[in-house]
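Me: Hey, can you walk me through this one? I'd like to take it piece by piece.

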Protein chains: 2
Amino acid sequence: MTVTRGRIDKRQAILDAAFTVFARDGYRQAGVDTVAAAAGVAKHTVYNHFGDKQSLFRAAIEALADDALTRNLTALEALRVDRDADASLTEVGRNLAICYCDEKSWALRRLLYAELASMPDLQDIVRSRATDKVNNALADRLARLALAGKLRIKDPAVAAEQFGALLTAPLEARSRLGTRKIPASELNETVWNAVQTFLRAFGPDAR
Amino acid sequence: MTVTRGRIDKRQAILDAAFTVFARDGYRQAGVDTVAAAAGVAKHTVYNHFGDKQSLFRAAIEALADDALTRNLTALEALRVDRDADASLTEVGRNLAICYCDEKSWALRRLLYAELASMPDLQDIVRSRATDKVNNALADRLARLALAGKLRIKDPAVAAEQFGALLTAPLEARSRLGTRKIPASELNETVWNAVQTFLRAFGPDAR
DNA sequence: ATCGAACTGCACTGGCCAGTGCATTTTACT
DNA sequence: AGTAAAATGCACTGGCCAGTGCAGTTCGAT
(Lines give C-alpha, C1' and ligand atoms only; values in the text may rest on other atoms or scores of the structure.)
Protein backbone atom coordinates (compact mmCIF):
# COMPACT_ATOMS: atom_id res chain seq x y z
CA MET A 1 0.00 0.00 0.00
CA THR A 2 2.29 2.78 1.21
CA VAL A 3 5.20 3.52 -1.07
CA THR A 4 8.48 2.11 0.19
CA ARG A 5 6.86 1.38 3.52
CA GLY A 6 9.74 -0.67 4.86
CA ARG A 7 12.04 2.24 4.35
CA ILE A 8 9.87 4.71 6.18
CA ASP A 9 9.32 2.36 9.07
CA LYS A 10 13.04 1.85 9.48
CA ARG A 11 13.65 5.56 9.40
CA GLN A 12 11.21 6.13 12.21
CA ALA A 13 12.56 3.21 14.18
CA ILE A 14 16.07 4.61 13.89
CA LEU A 15 14.89 8.05 14.94
CA ASP A 16 13.17 6.65 17.99
CA ALA A 17 16.13 4.53 18.94
CA ALA A 18 18.46 7.46 18.40
CA PHE A 19 16.47 9.56 20.81
CA THR A 20 16.45 6.83 23.42
CA VAL A 21 20.14 6.10 23.18
CA PHE A 22 21.26 9.72 22.93
CA ALA A 23 19.06 10.65 25.87
CA ARG A 24 20.50 7.84 27.94
CA ASP A 25 24.16 8.02 27.00
CA GLY A 26 24.64 11.51 25.62
CA TYR A 27 25.70 12.40 22.12
CA ARG A 28 29.41 11.72 22.42
CA GLN A 29 29.12 8.54 24.46
CA ALA A 30 26.42 7.03 22.33
CA GLY A 31 27.74 4.75 19.60
CA VAL A 32 26.10 4.47 16.22
CA ASP A 33 26.31 0.73 16.67
CA THR A 34 24.25 1.04 19.81
CA VAL A 35 21.60 3.09 18.05
CA ALA A 36 21.46 0.61 15.20
CA ALA A 37 21.12 -2.28 17.60
CA ALA A 38 18.37 -0.51 19.55
CA ALA A 39 16.52 0.12 16.31
CA GLY A 40 16.91 -3.49 15.25
CA VAL A 41 18.76 -2.41 12.14
CA ALA A 42 22.18 -2.75 10.59
CA LYS A 43 24.64 0.07 11.12
CA HIS A 44 24.79 0.59 7.39
CA THR A 45 21.11 1.35 7.31
CA VAL A 46 21.60 4.17 9.73
CA TYR A 47 24.23 5.68 7.50
CA ASN A 48 22.04 5.15 4.45
CA HIS A 49 19.29 7.24 6.01
CA PHE A 50 21.16 9.95 7.85
CA GLY A 51 24.62 10.18 6.35
CA ASP A 52 26.55 10.61 9.55
CA LYS A 53 26.18 10.66 13.28
CA GLN A 54 25.70 14.39 13.55
CA SER A 55 22.89 14.50 11.02
CA LEU A 56 21.18 11.69 12.87
CA PHE A 57 21.49 13.66 16.06
CA ARG A 58 20.06 16.79 14.48
CA ALA A 59 17.13 14.85 13.07
CA ALA A 60 16.42 13.34 16.46
CA ILE A 61 16.53 16.75 18.14
CA GLU A 62 14.19 18.23 15.57
CA ALA A 63 11.69 15.43 15.99
CA LEU A 64 11.89 15.89 19.73
CA ALA A 65 11.29 19.62 19.42
CA ASP A 66 8.26 19.13 17.21
CA ASP A 67 6.87 16.65 19.67
CA ALA A 68 7.42 19.06 22.56
CA LEU A 69 5.72 21.84 20.63
CA THR A 70 2.47 19.99 20.11
CA ARG A 71 2.37 18.82 23.70
CA ASN A 72 2.93 22.35 25.00
CA LEU A 73 0.37 23.91 22.70
CA THR A 74 -2.17 21.39 23.85
CA ALA A 75 -1.31 22.27 27.42
CA LEU A 76 -2.16 25.90 26.72
CA GLU A 77 -5.69 25.17 25.61
CA ALA A 78 -6.90 25.22 29.20
CA LEU A 79 -6.34 28.97 29.26
CA ARG A 80 -9.72 30.34 28.14
CA VAL A 81 -11.39 33.71 28.46
CA ASP A 82 -14.65 32.17 29.54
CA ARG A 83 -13.21 30.66 32.67
CA ASP A 84 -12.19 31.87 36.09
CA ALA A 85 -8.66 33.26 35.76
CA ASP A 86 -7.37 31.59 38.88
CA ALA A 87 -8.61 28.11 38.03
CA SER A 88 -7.65 28.48 34.40
CA LEU A 89 -4.12 29.62 35.15
CA THR A 90 -3.65 26.87 37.69
CA GLU A 91 -4.70 24.24 35.21
CA VAL A 92 -2.45 25.61 32.50
CA GLY A 93 0.36 25.84 35.01
CA ARG A 94 -0.08 22.23 35.92
CA ASN A 95 -0.22 21.18 32.29
CA LEU A 96 2.91 23.12 31.43
CA ALA A 97 4.69 21.82 34.50
CA ILE A 98 3.94 18.26 33.48
CA CYS A 99 5.24 18.92 29.97
CA TYR A 100 8.33 20.58 31.37
CA CYS A 101 9.09 17.72 33.72
CA ASP A 102 8.52 15.05 31.14
CA GLU A 103 11.48 12.77 30.69
CA LYS A 104 11.68 13.64 27.01
CA SER A 105 11.77 17.34 27.72
CA TRP A 106 14.60 16.90 30.15
CA ALA A 107 16.50 14.80 27.69
CA LEU A 108 16.07 17.45 25.02
CA ARG A 109 17.33 20.22 27.28
CA ARG A 110 20.25 18.14 28.46
CA LEU A 111 21.37 17.25 24.97
CA LEU A 112 20.95 20.83 23.86
CA TYR A 113 23.00 22.19 26.72
CA ALA A 114 25.70 19.59 26.31
CA GLU A 115 26.23 20.20 22.60
CA LEU A 116 25.69 23.92 22.70
CA ALA A 117 29.36 24.59 22.08
CA SER A 118 29.79 22.21 19.18
CA MET A 119 26.45 22.83 17.44
CA PRO A 120 25.30 26.33 18.28
CA ASP A 121 22.57 26.33 15.66
CA LEU A 122 20.68 23.57 17.43
CA GLN A 123 19.43 26.05 19.95
CA ASP A 124 17.98 28.28 17.27
CA ILE A 125 16.27 25.32 15.68
CA VAL A 126 14.62 24.32 18.93
CA ARG A 127 13.73 27.90 19.81
CA SER A 128 12.13 28.65 16.47
CA ARG A 129 10.36 25.30 16.30
CA ALA A 130 9.09 25.12 19.86
CA THR A 131 10.05 27.58 22.58
CA ASP A 132 9.18 30.79 20.76
CA LYS A 133 5.91 29.46 19.48
CA VAL A 134 4.80 28.34 22.92
CA ASN A 135 5.73 31.68 24.44
CA ASN A 136 3.87 33.55 21.73
CA ALA A 137 0.80 31.40 22.11
CA LEU A 138 0.85 31.97 25.86
CA ALA A 139 1.26 35.73 25.36
CA ASP A 140 -1.69 35.70 22.96
CA ARG A 141 -3.95 34.00 25.45
CA LEU A 142 -2.86 36.26 28.28
CA ALA A 143 -3.63 39.26 26.08
CA ARG A 144 -7.14 38.02 25.55
CA LEU A 145 -7.61 37.58 29.29
CA ALA A 146 -6.36 41.11 29.78
CA LEU A 147 -8.78 42.42 27.17
CA ALA A 148 -11.59 40.65 28.96
CA GLY A 149 -10.64 42.49 32.14
CA LYS A 150 -9.48 39.39 33.94
CA LEU A 151 -5.83 40.43 34.10
CA ARG A 152 -3.91 43.71 34.25
CA ILE A 153 -1.09 43.33 31.80
CA LYS A 154 0.94 45.98 30.05
CA ASP A 155 3.15 43.77 27.91
CA PRO A 156 1.77 40.28 27.26
CA ALA A 157 5.17 39.05 26.10
CA VAL A 158 6.77 40.00 29.41
CA ALA A 159 3.89 38.52 31.35
CA ALA A 160 4.22 35.27 29.46
CA GLU A 161 7.96 35.25 30.02
CA GLN A 162 7.47 35.74 33.74
CA PHE A 163 4.69 33.21 34.08
CA GLY A 164 7.01 30.70 32.47
CA ALA A 165 9.85 31.80 34.72
CA LEU A 166 7.80 31.38 37.90
CA LEU A 167 6.91 27.89 36.78
CA THR A 168 10.02 26.46 35.23
CA ALA A 169 12.84 27.85 37.32
CA PRO A 170 11.50 26.39 40.57
CA LEU A 171 10.76 23.13 38.80
CA GLU A 172 14.27 23.01 37.47
CA ALA A 173 15.71 23.46 40.94
CA ARG A 174 13.31 21.13 42.70
CA SER A 175 13.70 18.33 40.21
CA ARG A 176 17.46 18.83 40.34
CA LEU A 177 17.75 19.29 36.60
CA GLY A 178 15.48 16.37 35.98
CA THR A 179 17.35 13.83 38.06
CA ARG A 180 14.68 13.73 40.76
CA LYS A 181 11.00 13.05 40.28
CA ILE A 182 8.88 15.73 41.91
CA PRO A 183 6.04 14.26 43.96
CA ALA A 184 2.59 15.33 42.81
CA SER A 185 1.91 17.29 45.96
CA GLU A 186 5.10 19.29 45.62
CA LEU A 187 4.41 19.92 41.97
CA ASN A 188 0.95 21.23 42.76
CA GLU A 189 2.37 23.42 45.47
CA THR A 190 4.95 24.86 43.11
CA VAL A 191 2.32 25.59 40.50
CA TRP A 192 0.10 27.15 43.13
CA ASN A 193 2.93 29.38 44.33
CA ALA A 194 3.59 30.50 40.78
CA VAL A 195 -0.05 31.25 40.04
CA GLN A 196 -0.58 33.11 43.32
CA THR A 197 2.42 35.33 42.75
CA PHE A 198 1.45 35.88 39.15
CA LEU A 199 -2.06 36.87 40.14
CA ARG A 200 -0.87 39.19 42.88
CA ALA A 201 1.20 40.94 40.24
CA PHE A 202 -1.20 40.77 37.29
CA GLY A 203 -4.58 39.92 38.78
CA PRO A 204 -7.62 42.14 38.10
CA ASP A 205 -7.34 43.87 41.47
CA ALA A 206 -3.57 44.20 41.47
CA ARG A 207 -2.56 47.71 42.34
CA MET B 1 58.72 29.97 53.38
CA THR B 2 55.71 27.96 52.29
CA VAL B 3 56.21 24.23 52.30
CA THR B 4 56.63 22.82 48.82
CA ARG B 5 55.59 26.11 47.27
CA GLY B 6 56.43 25.12 43.75
CA ARG B 7 54.05 22.24 44.07
CA ILE B 8 51.18 24.38 45.22
CA ASP B 9 51.71 26.89 42.45
CA LYS B 10 51.57 24.17 39.83
CA ARG B 11 48.43 22.78 41.32
CA GLN B 12 46.69 26.10 41.03
CA ALA B 13 47.99 26.65 37.52
CA ILE B 14 46.65 23.29 36.47
CA LEU B 15 43.29 24.00 38.07
CA ASP B 16 43.00 27.32 36.25
CA ALA B 17 44.03 25.81 32.95
CA ALA B 18 41.63 22.92 33.48
CA PHE B 19 38.76 25.32 33.94
CA THR B 20 39.67 27.28 30.84
CA VAL B 21 40.07 24.25 28.63
CA PHE B 22 37.05 22.35 29.96
CA ALA B 23 34.91 25.46 29.61
CA ARG B 24 36.04 25.96 26.04
CA ASP B 25 36.06 22.38 24.77
CA GLY B 26 33.79 20.50 27.15
CA TYR B 27 34.82 17.64 29.41
CA ARG B 28 34.88 14.86 26.84
CA GLN B 29 36.49 16.85 24.05
CA ALA B 30 39.17 18.37 26.23
CA GLY B 31 42.41 16.41 26.27
CA VAL B 32 44.59 16.13 29.32
CA ASP B 33 47.49 17.04 27.08
CA THR B 34 45.75 20.28 26.21
CA VAL B 35 45.19 21.13 29.86
CA ALA B 36 48.80 20.37 30.67
CA ALA B 37 50.01 22.54 27.81
CA ALA B 38 47.73 25.40 28.87
CA ALA B 39 49.10 25.15 32.39
CA GLY B 40 52.69 25.09 31.14
CA VAL B 41 53.23 21.75 32.78
CA ALA B 42 54.04 18.20 31.80
CA LYS B 43 51.15 15.79 31.45
CA HIS B 44 52.68 13.65 34.17
CA THR B 45 52.42 16.49 36.63
CA VAL B 46 48.70 16.68 36.06
CA TYR B 47 48.38 13.00 36.87
CA ASN B 48 50.63 13.42 39.89
CA HIS B 49 48.31 16.01 41.35
CA PHE B 50 44.87 14.76 40.39
CA GLY B 51 45.16 11.07 39.63
CA ASP B 52 42.94 10.99 36.60
CA LYS B 53 40.93 13.17 34.29
CA GLN B 54 37.69 12.87 36.18
CA SER B 55 39.21 13.90 39.50
CA LEU B 56 40.76 16.89 37.80
CA PHE B 57 37.37 17.81 36.43
CA ARG B 58 35.71 17.50 39.81
CA ALA B 59 38.35 19.65 41.43
CA ALA B 60 37.89 22.30 38.76
CA ILE B 61 34.11 22.29 39.22
CA GLU B 62 34.46 22.61 42.96
CA ALA B 63 36.83 25.55 42.67
CA LEU B 64 34.42 27.16 40.24
CA ALA B 65 31.50 26.66 42.59
CA ASP B 66 33.38 28.21 45.50
CA ASP B 67 34.26 31.16 43.35
CA ALA B 68 30.65 31.60 42.27
CA LEU B 69 29.49 31.42 45.89
CA THR B 70 31.64 34.30 47.07
CA ARG B 71 30.68 36.44 44.10
CA ASN B 72 26.98 35.81 44.65
CA LEU B 73 27.14 36.46 48.38
CA THR B 74 28.86 39.74 47.70
CA ALA B 75 26.13 40.59 45.24
CA LEU B 76 23.53 40.11 47.97
CA GLU B 77 25.07 42.70 50.26
CA ALA B 78 23.21 45.48 48.51
CA LEU B 79 19.97 44.19 50.02
CA ARG B 80 19.73 46.15 53.27
CA VAL B 81 16.91 46.92 55.62
CA ASP B 82 17.88 50.56 55.89
CA ARG B 83 17.34 51.24 52.22
CA ASP B 84 14.39 51.80 49.95
CA ALA B 85 13.08 48.37 48.97
CA ASP B 86 12.70 49.24 45.32
CA ALA B 87 16.18 50.64 44.85
CA SER B 88 17.74 47.95 46.97
CA LEU B 89 16.06 45.11 45.13
CA THR B 90 16.95 46.61 41.80
CA GLU B 91 20.59 46.85 42.73
CA VAL B 92 20.69 43.31 44.04
CA GLY B 93 18.90 42.16 40.94
CA ARG B 94 21.47 43.81 38.77
CA ASN B 95 24.33 42.36 40.80
CA LEU B 96 22.89 38.88 40.67
CA ALA B 97 22.15 39.21 36.96
CA ILE B 98 25.75 40.13 36.30
CA CYS B 99 26.97 37.16 38.32
CA TYR B 100 24.54 34.89 36.51
CA CYS B 101 25.62 36.08 33.09
CA ASP B 102 29.29 35.87 33.84
CA GLU B 103 31.20 33.69 31.43
CA LYS B 104 32.43 31.49 34.26
CA SER B 105 28.92 30.94 35.54
CA TRP B 106 27.73 29.88 32.13
CA ALA B 107 30.65 27.54 31.75
CA LEU B 108 29.90 25.97 35.11
CA ARG B 109 26.25 25.41 34.26
CA ARG B 110 27.10 24.03 30.84
CA LEU B 111 29.62 21.56 32.18
CA LEU B 112 27.24 20.54 34.93
CA TYR B 113 24.39 19.95 32.53
CA ALA B 114 26.53 18.07 30.08
CA GLU B 115 27.97 15.64 32.61
CA LEU B 116 24.83 15.29 34.68
CA ALA B 117 24.26 11.77 33.45
CA SER B 118 27.77 10.49 34.00
CA MET B 119 28.49 12.27 37.30
CA PRO B 120 25.21 12.84 39.09
CA ASP B 121 26.87 13.82 42.35
CA LEU B 122 28.41 16.92 40.80
CA GLN B 123 25.09 18.66 41.00
CA ASP B 124 24.80 18.02 44.72
CA ILE B 125 28.30 19.33 45.26
CA VAL B 126 27.53 22.56 43.44
CA ARG B 127 24.14 22.94 45.10
CA SER B 128 25.45 22.43 48.60
CA ARG B 129 28.50 24.59 48.02
CA ALA B 130 26.86 27.47 46.20
CA THR B 131 23.24 27.47 45.06
CA ASP B 132 21.60 26.53 48.34
CA LYS B 133 23.71 28.96 50.33
CA VAL B 134 22.90 31.84 48.03
CA ASN B 135 19.20 31.06 48.15
CA ASN B 136 19.26 30.84 51.91
CA ALA B 137 21.12 34.09 52.25
CA LEU B 138 18.63 35.78 49.96
CA ALA B 139 15.73 34.34 51.93
CA ASP B 140 17.30 35.62 55.15
CA ARG B 141 17.59 39.14 53.82
CA LEU B 142 14.08 39.13 52.42
CA ALA B 143 12.80 37.98 55.82
CA ARG B 144 14.46 40.96 57.46
CA LEU B 145 12.85 43.30 54.94
CA ALA B 146 9.51 41.68 55.69
CA LEU B 147 10.03 42.12 59.42
CA ALA B 148 10.80 45.76 58.84
CA GLY B 149 7.46 46.13 57.07
CA LYS B 150 9.01 46.76 53.68
CA LEU B 151 7.71 43.54 52.13
CA ARG B 152 4.71 41.28 52.63
CA ILE B 153 6.10 37.76 52.57
CA LYS B 154 4.63 34.61 53.97
CA ASP B 155 7.44 32.20 53.16
CA PRO B 156 10.85 33.82 52.60
CA ALA B 157 12.20 30.68 50.96
CA VAL B 158 9.47 30.76 48.31
CA ALA B 159 9.93 34.49 47.81
CA ALA B 160 13.65 34.01 47.31
CA GLU B 161 13.02 31.15 44.90
CA GLN B 162 10.64 33.31 42.88
CA PHE B 163 12.83 36.39 42.89
CA GLY B 164 15.58 34.21 41.50
CA ALA B 165 13.20 32.71 38.98
CA LEU B 166 12.03 36.09 37.70
CA LEU B 167 15.64 37.09 37.22
CA THR B 168 17.39 34.05 35.89
CA ALA B 169 14.85 32.40 33.63
CA PRO B 170 14.44 35.47 31.42
CA LEU B 171 18.20 35.96 31.42
CA GLU B 172 18.70 32.37 30.36
CA ALA B 173 16.32 32.79 27.46
CA ARG B 174 17.53 36.22 26.38
CA SER B 175 21.19 35.29 26.48
CA ARG B 176 20.35 32.10 24.63
CA LEU B 177 21.96 29.90 27.23
CA GLY B 178 24.95 32.15 27.43
CA THR B 179 25.79 32.21 23.74
CA ARG B 180 24.63 35.80 23.29
CA LYS B 181 25.80 38.81 25.26
CA ILE B 182 22.87 40.77 26.62
CA PRO B 183 23.25 44.51 26.04
CA ALA B 184 23.29 46.57 29.21
CA SER B 185 20.01 48.25 28.40
CA GLU B 186 18.23 44.95 27.92
CA LEU B 187 19.73 43.57 31.07
CA ASN B 188 18.52 46.56 33.04
CA GLU B 189 15.10 46.22 31.53
CA THR B 190 14.94 42.56 32.46
CA VAL B 191 15.98 43.30 36.02
CA TRP B 192 13.45 46.11 36.20
CA ASN B 193 10.68 43.81 34.95
CA ALA B 194 11.59 41.25 37.58
CA VAL B 195 11.68 43.77 40.42
CA GLN B 196 8.42 45.41 39.39
CA THR B 197 6.59 42.10 39.27
CA PHE B 198 8.16 40.99 42.52
CA LEU B 199 7.11 44.21 44.24
CA ARG B 200 3.58 44.03 42.87
CA ALA B 201 3.36 40.60 44.42
CA PHE B 202 5.29 41.17 47.63
CA GLY B 203 5.52 44.94 48.04
CA PRO B 204 4.28 46.63 51.23
CA ASP B 205 1.00 47.69 49.61
CA ALA B 206 0.39 44.47 47.74
CA ARG B 207 -3.10 43.27 48.28
C1' DA C 1 77.30 19.99 48.55
C1' DT C 2 73.97 16.63 48.63
C1' DC C 3 69.70 14.20 48.82
C1' DG C 4 65.18 13.34 47.56
C1' DA C 5 60.94 14.82 45.82
C1' DA C 6 58.80 16.87 42.19
C1' DC C 7 58.92 17.82 37.34
C1' DT C 8 59.95 16.98 32.35
C1' DG C 9 60.01 14.92 27.55
C1' DC C 10 59.04 11.26 24.80
C1' DA C 11 57.57 7.15 23.32
C1' DC C 12 54.22 3.68 23.76
C1' DT C 13 49.99 0.69 24.80
C1' DG C 14 45.33 -0.34 24.66
C1' DG C 15 40.76 0.76 24.01
C1' DC C 16 37.07 3.10 21.65
C1' DC C 17 34.51 4.30 17.73
C1' DA C 18 33.03 6.78 13.19
C1' DG C 19 32.82 5.54 8.86
C1' DT C 20 33.77 2.27 4.70
C1' DG C 21 33.89 -1.83 1.48
C1' DC C 22 32.00 -5.92 -0.13
C1' DA C 23 29.49 -9.95 -0.80
C1' DT C 24 24.95 -11.62 0.27
C1' DT C 25 20.10 -11.56 1.30
C1' DT C 26 15.60 -9.57 1.76
C1' DT C 27 11.83 -6.73 0.24
C1' DA C 28 8.58 -4.16 -2.81
C1' DC C 29 6.80 -3.53 -6.93
C1' DT C 30 5.76 -5.04 -11.92
C1' DA D 1 9.15 -14.69 -11.87
C1' DG D 2 12.18 -10.97 -12.16
C1' DT D 3 14.51 -6.78 -10.97
C1' DA D 4 16.32 -3.06 -8.50
C1' DA D 5 16.53 -0.80 -4.29
C1' DA D 6 17.24 -1.43 0.35
C1' DA D 7 19.03 -3.92 4.20
C1' DT D 8 22.38 -7.11 6.33
C1' DG D 9 26.73 -9.09 8.43
C1' DC D 10 31.37 -8.70 9.01
C1' DA D 11 35.74 -7.29 8.68
C1' DC D 12 38.67 -3.45 8.45
C1' DT D 13 40.96 1.35 8.56
C1' DG D 14 42.30 5.40 10.74
C1' DG D 15 42.14 8.65 14.21
C1' DC D 16 41.82 10.00 18.98
C1' DC D 17 43.16 9.90 23.60
C1' DA D 18 43.65 8.32 28.70
C1' DG D 19 47.03 6.60 31.15
C1' DT D 20 51.90 4.46 31.83
C1' DG D 21 57.01 3.72 31.82
C1' DC D 22 61.45 5.41 31.92
C1' DA D 23 65.47 8.09 31.89
C1' DG D 24 66.99 12.40 32.87
C1' DT D 25 66.59 17.19 35.07
C1' DT D 26 65.32 20.86 38.28
C1' DC D 27 64.55 22.62 42.76
C1' DG D 28 63.96 23.16 47.69
C1' DA D 29 65.60 21.90 52.13
C1' DT D 30 69.24 20.69 55.29
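This is a predicted model: local features need pLDDT of at least 70, side-chain atom pairs count only at pLDDT 80 or more; totals for chains, interfaces and linings use all residues.

Me: OK, which residues of helix 5 of chain A are buried?

Reply: The buried ones are Ala85(A), Leu89(A), Val92(A), Gly93(A), Arg94(A), Leu96(A), Ala97(A) and Tyr100(A).

Me: And what covers the buried residues of that helix?

Reply: The cover includes helix 4 (53-76), helix 6, helix 7 (121-147), helix 8 and helix 9 of chain A.

Me: Let's look at Ala159(A) then. Where is it?

Reply: Ala159(A) sits in helix 8 of chain A.

Me: Why does Ala159(A) count as buried?

Reply: Because it has 24 C-beta neighbours inside 10 Å, and the cut-off for buried is 20 or more.

Me: What does Ala159(A) touch, skipping residues up to four places away in sequence?

Reply: Ala159(A) touches Leu142(A), Ile153(A) and Phe202(A) on that count. As for Phe19(A), it is 140 residues from Ala159(A) along the chain, and their C-alpha atoms are separated by 33 Å.

Me: New topic: the largest nonpolar core. Which residues touch the most other members?

Reply: Those are Ala18(A), Phe22(A), Ala18(B) and Phe22(B), out of 118 residues in that core. As background, nonpolar side chains tend to be buried together in soluble globular proteins.

Me: What is Phe22(A) in contact with, leaving aside its neighbours within four places?

Reply: Phe22(A) is in contact with Tyr27(A), Ala30(A), Phe57(A), Ala60(A) and Leu111(A).

Me: Now the two chains. How many residues are in contact between chain A and chain B?

Reply: 28 residues of chain A are in contact with 28 of chain B. On the chain A side, the elements giving two or more residues are helix 6 (103-114), helix 8 (156-174) and helix 9 (184-202). Helix 8 of chain A gives the largest share, 9 residues.

Me: What kinds of residues are on that side of chain A?

Reply: They divide into 13 nonpolar, 8 polar and 7 charged.

Me: Last one: what rotation superposes chain A on chain B?

Reply: A rotation of 180° does it, with 0.0 Å of shift along its axis and an RMSD of 0.1 Å. That is the relation of a two-fold axis. Both copies use the same surface, since 100% of the contact residues of chain A recur in chain B.

How values were computed:
Residues are numbered from 1 along each chain as its sequence is written. Chains are lettered from A and ligands numbered from 1 in the order in which they are written. Two residues are in contact if their C-beta atoms, placed from the backbone, lie within 7 Å. Helices (H or I, at least four residues) and strands (E, at least two) are DSSP runs, numbered from the N terminus. Ala, Val, Leu, Ile, Met, Phe, Trp, Tyr, Cys and Pro count as nonpolar, Asp, Glu, Lys and Arg as charged, and the others, Gly among them, as polar. A residue is buried if 20 or more other C-beta atoms lie within 10 Å of its own, exposed if 12 or fewer, and partly exposed in between; C-beta atoms are placed from the backbone. A nonpolar core is a set of buried Ala, Val, Leu, Ile, Met, Phe, Trp, Tyr and Cys residues joined through C-beta atoms within 7 Å. Copies are superposed by least squares on the C-alpha atoms of residues with pLDDT of at least 70 in both.
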